[in-house]
Amino acid sequence: MRLKINGAACEIADDASIAGMLAARNLPGETVIILLNDEVITREKWESLKLRSEDSVEIVRLIGGG
Amino acid sequence: MADKFIIGGKEIESRLFIGTGKFVRYDLIPQVIMAAKAHVVTVALRRVDFGNPGENMLEYLPKNVIVMPNTSGARDAQEAIRIARIARAAGCGNWVKIEVISDQKYLLPDNFETLKAIETLVKEGFTVLPYMSPDLMAARRMADAGAAAIMPLGAPIGTNRGLKTRELVQILISEINLPVIVDAGLGKPSEAAEAMELGAAAVLVNTAIATADDPILMAQAFGEAVAAGRKAYLAGPGASRQFAEASSPLTGFLRNE
């Protein structure tokens, strides 16, 4: 199915999960914040939450800043 | 009587806030925080760059510091509000530094949009510290809207030019009944001390420390300067004069008349 990850259109498997998305990109869970359609999704839902076509996923993190 | 520094009901142990941007290595940050004896540090939120994800900087922040996310990247109030909500939902606590900038040349903050963001975020229970351009009316409105402090710039971000806004900051310190924290542009410890001598409650320093040849030593210098400046302010400096006034009486000289 098609959805957006960090603003870019992506094609992913229909049964893909957020956990799978992070694993595919080698991103440890503790280091990222996940937004699905502008809502923060906490870690315990990353395996089970069903993604839908046209969803917008943001994978963000805290970095150095002034 | 102890010189307490309280923001949003919380006692802050250091009048030097540290920004965590621009460090060549994250592992410098905990050493800098320790050298400066800092208590509040700022961080930013960005999308993960999948090609170059980098390390998790949170691992480098000591457990006892207050982590204050900024809303850098926000070009208007709505974007700032969104970033603040995301940071809090992700576990960052209630503090937020509002930074709304659409001027890319000088990175000067947009006081008008900043005020709008304060109004919303205060109602949602945030402890709001707005980065702002030192304008008295804007500061008054921000204070009335419930900001926990006012953070006027000393000079544009990253310029290391010092307290260029000295006169206006002095007015804010005199007229606004909130901690005034000079944020941005301070390039040397003496400039931080200057802000503190005027009566600033604190300063926020990032570039001057992160880009020094020895950031840890520079952080220590800034920490000492901020403490010295605060003591000078509390000690009540003597007046400055145009003409000299001798240190000892002008009588009893050891000389033949």
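Student: Where is the place of B:Glu113 in chain B?

Tutor: B:Glu113 sits in helix 3 of chain B. Helices (H or I, at least four residues) and strands (E, at least two) are DSSP runs, numbered from the N terminus. This is a predicted model: local features need pLDDT of at least 70, side-chain atom pairs count only at pLDDT 80 or more, and totals for chains, interfaces and linings use all residues. Residues are numbered from 1 along each chain as its sequence is written, chains are lettered from A and ligands numbered from 1 in the order in which they are written, and side-chain values use heavy atoms, with hydrogens and water left out.

Student: Why does B:Glu113 count as buried?

Tutor: Its relative accessibility is 13%. Buried means under 20% relative accessible area, exposed over 50%, partly exposed in between (1.4 Å probe, protein chains only). So B:Glu113 is buried. Beyond its neighbours within four places in sequence, B:Glu113 is in contact (heavy atoms within 4.5 Å) with B:Asp76, B:Ala77 and B:Val100.

Student: What makes B:Thr114 buried?

Tutor: A relative accessible area of 0%. That is under the 20% limit, so B:Thr114 is buried. B:Thr114 belongs to helix 3, residues 111-123 of chain B. Apart from neighbours within four places in sequence, B:Thr114 is in contact with B:Ile98, B:Val100, B:Pro130, B:Tyr131 and B:Met142.

Student: Which backbone oxygen does the side chain of B:Thr114 reach?

Tutor: That of B:Asp110, at 2.7 Å. A polar contact is a pair of N or O atoms within 3.5 Å; within protein, one must be able to donate a hydrogen and the other to accept it, and residues adjacent in sequence count only if both atoms are side-chain atoms.

Student: Why is A:Asn6 called buried?

Tutor: Its relative accessible area is 11%. The value is under 20%, so A:Asn6 is buried. A:Asn6 is in the loop between strand 1 (2-5) and strand 2 (8-11) of chain A.

Student: Which residues are in contact with A:Asn6, leaving aside its neighbours within four places in sequence?

Tutor: From chain A, A:Val57, A:Glu58 and A:Ile59. From chain B, B:Arg47, B:Val48 and B:Phe50. A:Asn6 and A:Glu58 are 52 residues apart in sequence, with their C-alpha atoms 4.7 Å apart.

Student: How do you know whether the radius of gyration of chain A agrees with a compact globule?

Tutor: Chain A has 66 residues, and a compact globule of that length would have a radius of gyration near 11 Å. The rule is 2.2 Å times the number of residues to the power 0.38, taken over C-alpha atoms. Chain A has 12 Å, which agrees. Its C-alpha trace spans about 40 × 20 × 20 Å along the principal axes. Chain A has 1 helix and 5 strands, in the order β-β-α-β-β-β.

Student: How many residues of each chain count as buried, in percent?

Tutor: In chain B, 50% of the 257 residues. In chain A, 47% of the 66 residues.

Student: What share of the contacts in chain B with a separation of 6 or more comes from residues 24 or more positions apart?

Tutor: The share is 66% in chain B. For chain A, 52% of the contacts between residues at least 6 apart join residues at least 24 apart.
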